[in-house]
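Subject: Structure handover

Hello,

Here is the structure I promised to pass on. Please open it alongside this note and follow along.

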Amino acid sequence: MSNITLHTLSSMKENGEKFAVLTAYDACFSHLVSSAGTEVILVGDSLGMVLQGNDSTLPVSVEEMAYHTQAVAKGNQGSLIMADLPFMSYATPEQAMDSAAVLMQAGANMVKLEGGAWLAESISLLAERGVPVCAHLGLTPQTVNKLGGYRVQGRDQETAQQMINDAILLQDAGASIILLECVPAILAKEITLALSVPVIGIGAGADTDAQVLVLHDMLGITPGRRPKFVKDFMADASSIEEAVKNYVLEVKDGTFPSAEHGFA
């Protein structure tokens, strides 16, 4: 696989080609995931839960994110690396730039931030200074305490319209990708059609430009109840490599996600 860039992903959206995103947190899985044809590796702050055993992403630090981003970069075989800015590491535009610099220097190709319209200034400043940004809308795990738990977002007309407005605003501010988590499929489709930048979905139906899952979830090894939007790709695979390749294939041909993995 030749190196994936933002231009690659934009061209795929224009051509109606789906692309696949998976988390990875170390060199070995980065090598496997990228070699399987996954276009984007997300070094997610989800590592706080699946690697560290925390009950949320909130305890993760910028330094920990940089450590794992560096490891992923060493194993990567051409995927675009997106790294999460963790909780309260981008509360101000100046802090966002400082935190993003650490992750980009560790090997990230872009950073991901959670939030709506209030992020516009930070995204604009980052984009102007050469830092590509993915804006994460919908269920934003870093604000789970304010949201009152892991709940589907955008089910009523007011919040749905606000999400559409925020997505357009953040795109116009300079966001190169929008990620939608746990939103009704019909809303995710509307946002995807309204934007010129690629839209990645997780629990957001089949009409987004791409899908993302946490690696440990799609391998069926995360303890506890599996989220509705997750499919266990190890169930019908003889190896982790086969499971990842099947995930990539099903994202690209539209088999995954099916209706059972989304929300009305």
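Two strands count as paired if DSSP finds at least two bridges between them. With that in hand, take strand E1 (residues 19–23) and strand E8 (residues 210–213): they pair in the parallel sense over 4 bridges. Ala-20 has Gln-211 as its bridge partner in E8. Please keep in mind throughout that this is a predicted model.

Eight strands form a closed barrel, in the order E1-E2-E3-E4-E5-E6-E7-E8, with parallel pairing. From one strand to the next, the twist averages 25 degrees.

Strands of a sheet pair through backbone hydrogen bonds, either parallel or antiparallel. You can follow this on strand E6 (residues 177–181). On one side, strand E5 (residues 133–138) pairs with E6 in the parallel sense, over 5 bridges. Cys-134 has Ile-177 of E6 as its bridge partner. E6 also pairs with strand E7 (residues 199–202), again in the parallel sense, over 4 bridges. There, Leu-179 stands opposite Ile-200 of E7.

Is E6 buried or exposed? It is mostly covered, with 5 of its 5 residues buried. In a regular strand the side chains alternate between the two faces of the sheet. In E6, both faces are covered. Ile-177, Leu-179 and Glu-181 are buried on one side. Ile-178 and Leu-180 are buried on the other.

**The helix packing**

Two packed helices are described by the angle between their axes and the distance between the axes.

Start with helix H2 (residues 27–35) and helix H4 (residues 62–75). Their axes come within 7 Å and cross at roughly 45 degrees. H2 passes H4 in a right-handed crossing. On the H2 side, the contact is made by Ala-27, Ser-30, His-31 and Ser-34. On the H4 side, it is made by Ala-71, Val-72 and Gly-75. By class, the contact of H2 with H4 has 3 nonpolar, 4 polar and no charged residues.

H4 also packs against H5, at an angle of about 25 degrees and with the axes 8 Å apart. H4 and H5 are therefore roughly parallel to each other. Their crossing is right-handed. H4 brings Val-62, Met-65, Ala-66, Thr-69, Gln-70 and Ala-73 to the contact. H5 meets them with Ser-99, Val-102, Leu-103 and Ala-106. The residues in the contact of H4 with H5 divide into 7 nonpolar, 3 polar and no charged.

H5 passes H6 in a right-handed crossing. Pro-93, Ala-96, Met-97 and Ala-100 make the contact from H5, and Glu-121, Ser-122, Leu-125 and Leu-126 make it from H6. The contact of H5 with H6 has 6 nonpolar, 1 polar and 1 charged residues.

**Backbone details**

Which residues have a positive phi although they are not glycines? Met-88 has one of about 60 degrees, and Cys-182 has one of about 55 degrees. Met-88 sits in the loop between strand E3 (80–84) and H5. Cys-182 is in the loop between E6 and helix H9 (185–194). Met-88 is exposed, with a relative accessible area of 52%. Cys-182 is buried, with a relative accessible area of 6%.

There is also a cis peptide bond, from Phe-256 to Pro-257, with omega near 0 degrees. Pro-257 lies in the segment after helix H11 (240–253).

Which residues does Gly-149 contact, leaving aside its neighbours within four places in sequence? They are Leu-139 and Val-144. Gly-149 and Leu-139 are 10 residues apart in sequence, and their C-alpha atoms are 9.3 Å apart in space.

Best regards

Note on methods:
Residues are numbered from 1 along each chain as its sequence is written. This is a predicted model: local features need pLDDT of at least 70, side-chain atom pairs count only at pLDDT 80 or more; totals for chains, interfaces and linings use all residues. Side-chain values use heavy atoms; hydrogens and water are left out. A crossing is left-handed if the near helix is turned anticlockwise from the far one by less than a right angle, and right-handed if clockwise. Helices (H or I, at least four residues) and strands (E, at least two) are DSSP runs, numbered from the N terminus. Contact means heavy atoms within 4.5 Å. Ala, Val, Leu, Ile, Met, Phe, Trp, Tyr, Cys and Pro count as nonpolar, Asp, Glu, Lys and Arg as charged, and the others, Gly among them, as polar. Axes are lines fitted to C-alpha atoms, for helices over the stretch in contact, and angles run from 0 to 180 degrees between N-to-C directions. Buried means under 20% relative accessible area, exposed over 50%, partly exposed in between (1.4 Å probe, protein chains only). Angles under 35 degrees count as roughly parallel, over 145 as roughly antiparallel, 65 to 115 as roughly perpendicular and the rest as oblique.
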